[in-house]
Amino acid sequence: MNIRKNFPVSIFVFIAVLLSLVLTVVWQIFASDKNYYIICVIMLILSMLPFFTSFERSNNSAREITLIASLVALAVISRAVFYMIPQVKPIAAVIAVSGASLGAKRGYLIGTFSAFISNFIFGQGIWTPFQMVGMGLVGLICGLIFYNKKVNRIALTAVGFITVFIVYGITVDTSSVLIMATDYNLKSVLAVYIAGIPYNLVFGISTGVFLFIFGLPFMKKINRINEKYGICIPQTEDNYG
């Protein structure tokens with residue numbers, strides 16, 4: 001599967017979830033009774049739609065679900081283990097490798113579920129839908145760039161860092177704007193985004209370090225599982241550099 005086949009599905013996912021984020025913002029500003037679990041469930045359903053469109057055509061759907069569930073569990077555990085170190089978490093690295101190994105739609109699915117489930121440990125709130133989208137986009141972007149392509153350690157590290165620092169950072173900081181900004185003008189909104197830069201930078205750097213050290217070996221492990229059980233289109237050993 002190449003980027004041109006993944007792109008329309010990825011655009012559909014992005015637009016659908018973007019609408020959910022807009023709904024979250026409107027709800028936060030105008031609604032008196034807020035239930036963010038409803039928004040989270042809507043996002044999970046939208047995230048799963050592309051997956052289920054090809055579900056019936058798959059001969060190994062149960063194995064695919066098992067692999068995806070295992071990667072979600074690994075991502076959640078990786079975040080929980082490092083709970084005492086702020087912003088230094090391998091969860092985004094696990095999601096990035098998952099997207100690069102299994103494709104954009106699976107990467108997005110793993111990202112959204114990982115953020116949602118891990119927040120039962122770290123706390124649910126208005127930030128949860130934004131973290132779900134941010135983590136999902138990490139898997140989506142890495143899937144678009146690297147799936148079934150030649151993967152270089154430096155490129156994987158760079159893309160992981162940039163995606164987490166910029167894409168995830170801006171997405172999640174939007175929830176901080178809704179929480180912290182008392183007056184929604186340009187000055188106050190920019191102040192919140194600027195205040196989040198150091199945290200996003202640390203998270204991006206730590207993700208890049210994890211990807212540089214463990215990224216390619218982890219991808220090779222997933223590739224061996226793909227080849228053994230025929231779950232997804234596997235990458236060959238020549239695709240790692």
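A residue counts as buried when its relative accessible area is under 20%. Keep that cut-off in mind for the tour of this predicted model.

**The whole chain**

Show the chain as a cartoon. There are nine helices and zero strands, so the run of elements from the N terminus reads α-α-α-α-α-α-α-α-α. Colour by accessibility next: 49% of the 241 residues count as buried. Among contacts with a separation of 6 or more, 74% join residues 24 or more positions apart.

**Asn119**

Select Asn119, which sits in helix α5. Is Asn119 buried or exposed? Its relative accessible area is 1%, which is under 20%, so Asn119 is buried. Now show what surrounds Asn119: leaving out residues up to four places away in sequence, it touches Arg79, Gln124, Trp127, Thr128 and Gln131.

**Helices α6 and α7**

Select residues 127-146 for helix α6 and residues 153-180 for helix α7. Two packed helices are described by the angle between their axes and by the distance between those axes. Here the angle is about 160° and the axes are 9 Å apart. Because the angle is over 145 degrees, α6 counts as roughly antiparallel to α7. The crossing of α6 past α7 is right-handed. Sorted by class, the residues of this contact are 19 nonpolar, six polar and no charged ones.

Stay on helix α6 and pick Ile145. Its relative accessibility is 39%, and Ile145 counts as partly exposed.

Move on to Asn148, in the loop between α6 and α7. Its phi is near 60°, a positive value in a residue other than glycine. Asn148 counts as partly exposed, at 29% relative accessibility.

In soluble globular proteins, nonpolar side chains tend to be buried together. To look at the largest nonpolar core, which has 38 residues, select Ile95, Ile110, Met135, Phe146, Leu156, Phe203 and Met219, the members with the most contacts inside it. Which helices each supply at least two residues of this core? They are α3 (61-81), α4 (91-102), α5 (104-122), α6, α7 and α9 (197-229). The largest share is that of α4, with nine residues.

Centre the view on Phe203. Apart from neighbours within four places in sequence, Phe203 is in contact with Gln87, Lys89, Ile91, Ala92, Met135, Val164 and Tyr168.

One of the contacts of Phe203 is Gln87, which is found in the loop between α3 and α4. The phi of Gln87 is near 70°, again positive in a residue other than glycine. At 27% relative accessibility, Gln87 counts as partly exposed.

**Helices α8 and α9**

For the last stop, select helix α8 (residues 186-195) together with α9. Their axes come within 5 Å and cross at roughly 35°. Which residues make the contact? On α8 they are Tyr193, Ile194 and Ala195, and on α9 they are Ile197, Pro198 and Tyr199. By class, this contact has six nonpolar residues, no polar ones and no charged ones.

Note on methods: Residues numbered from 1 in each chain as written. Predicted model: local features only at pLDDT ≥ 70, side-chain atom pairs only at ≥ 80, totals over all residues. Heavy atoms only, no water. Axes fitted to C-alpha atoms, helices over the stretch in contact; angles between N-to-C directions. Helix = DSSP H or I, 4+ residues; strand = E, 2+ residues; numbered from the N terminus. Parallel < 35°, antiparallel > 145°, perpendicular 65-115°, else oblique. Left-handed = near helix turned anticlockwise from the far one by under 90°. Nonpolar A, V, L, I, M, F, W, Y, C, P; charged D, E, K, R; others polar. Core = buried A, V, L, I, M, F, W, Y, C linked by side-chain atoms within 4.5 Å. Buried < 20%, exposed > 50% of the residue type's maximum accessible area, 1.4 Å probe, protein only. Contact = heavy atoms within 4.5 Å.
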